[in-house]
Structures are given as C-alpha cells and as structure tokens.
Amino acid sequence: TAVGRFDAIQAVVRAVRNARAEYAVEPARRIPAFVVITGTCADTGLQAALAEELALVSTLARLDADASSVASEPPVAAVADPGAFVQLVVSEGVEVYLPLSGIVDPVKEIGRLTKQAAKLEKEAGGLAGRLQSPKFVDKAPAEVVEKSKRELSELEDQLASVRARVGQMETLVAANAKQ
C-alpha cells in the first residue's frame with residue numbers, strides 16, 4: 001500500500017538520521033547509503049518505490065544521491081568486510097548499509113568514544129557504589145533503589161555499546177593501515 005511504502009521511506013530516513021547523530025557526522029556532509037530490500041518486502045514493490053524516491057530520501061537524510069542505491073542484496077564490500085560498514089536494520093526485510101569510511105574519522109571517533117566510555121564508567125561506578133552501600137539500600141524508598149538499578153543497567157548497556165564501537169573503529173584503523 002502507499003501508506004506502507006511511505007512508512008518504510010520514513011523509517012529509512014529516520015534510521016540514517018539516527019546513525020548520523022550517533023556517529024557525529026557533520027550536517028553538511030553527504031554520505032553514501034545502500035538500501036537493501038529482501039524477502040516479502042521486495043515482492044510488495046517497496047524496492048521500486050524506494051528507488052523512485054531515492055532523491056527524496058537522499059535530501060531528507062542528507063545522502064550522496066549519486067553514490068547511494070537500492071538493491072535486493074547487500075553490497076559486495078559489506079559482505080566482504082562487515083566491520084567497514086554500519087548495518088542499520090530498519091524493519092523486517094529492510095536494511096541500510098553506511099560505509100564507515102564515508103561518515104567517520106576512526107581515530108577521532110576512538111578518542112571521542114574513549115572519553116564517553118570514561119564518563120559512563122565514572123557514572124556507573126558511582127551508582128554501583130551507592131547501590132552497594134547498605135545505608136542507601138536500607139534507607140532509600142524501594143522505588144528509588146529500583147530506579148537506581150535500572151539506571152545502572154542502562155549505563156552498563158551504553159558502556160558495552162560504546163566499547164563495541166571502539167572495537168569497530170580500531171578494526172577500521174587497522175584495515176586502513178594495511179592499505
């Protein structure tokens with residue numbers, strides 16, 4: 001349906017914009033993207049609709065329209081070297097691949113992520129210390145203790161994500177050094 005296709009286009013734009021924000025891509029920088037439509041989504045005409053609207057998607061998501069494409073299979077480079085791409089799962093059957101080389105300077109990103117990891121470690125350490133304190137656990141209302149536990153869990157998840165991205169960037173630096 002037309003509404004379903006519009007929702008898919010909107011989801012692709014949202015996913016790319018979120019990735020741009022997450023990787024701190026400069027607003028003016030146009031990046032390439034490879035939209036992959038598989039399974040039942042390809043059968044519904046979504047691939048053709050996205051291909052027709054690639055110029056619109058490129059404008060809204062600030063993509064390099066000439067270097068972007070819509071296909072039924074991931075780019076060969078992404079299959080050969082998955083660490084060099086950000087894979088965004090937009091919905092079932094719809095994925096977007098963004099080449100890291102086009103969106104981030106891995107050395108700068110490692111520095112930024114390392115600072116972010118240190119900040120998260122400090123916050124998580126403080127929260128964990130508070131939760132380990134019998135005084136806090138005994139005197140604080142149960143909902144405050146639960147909220148602190150949830151916050152600690154979220155911080156640990158964020159920290160794991162940041163560390164994974166640091167690893168991804170280090171792999172990219174190593175790959176670039178070999179070339």
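Leaving aside neighbours within four places in sequence, Ser148 touches Leu127, Arg130, Leu131 and Phe136, where contact means heavy atoms within 4.5 Å. Ser148 sits in helix H9 (residues 142-178) and is buried, at 5% relative accessible area; buried means under 20%, exposed over 50% and partly exposed in between, with a 1.4 Å probe and protein chains only. Keep in mind that this is a predicted model, where local features need pLDDT of at least 70, side-chain atom pairs count only at pLDDT 80 or more, and totals for chains, interfaces and linings use all residues. Residues are numbered from 1 along each chain as its sequence is written, and side-chain values use heavy atoms, leaving out hydrogens and water.

**The sheet**
- Four strands make an open, mixed sheet, ordered S2-S1-S4-S3; strands are DSSP runs (E, at least two residues), helices likewise (H or I, at least four), numbered from the N terminus.
- S2 (69-71) and S3 (85-91) are the edge strands, each with a single partner, so one side of each has no neighbour in the sheet.
- S1 (residues 34-37) pairs with S2 in the parallel sense over three bridges; pairing takes at least two DSSP bridges.
- Within S2, Ser69 is the bridge partner of Phe34.
- Helix H1 (residues 2-22) packs on the sheet and touches S1, S3 and S4 (94-99).

**Charge in the pocket lining**
- The lining of the largest pocket has five nonpolar residues, no polar ones and six charged; Ala, Val, Leu, Ile, Met, Phe, Trp, Tyr, Cys and Pro count as nonpolar, Asp, Glu, Lys and Arg as charged, and the others, Gly among them, as polar.
- Helix H7 (residues 106-132) gives the most to this lining, with three residues.

Definitions and conventions:
Axes fitted to C-alpha atoms, helices over the stretch in contact; angles between N-to-C directions.
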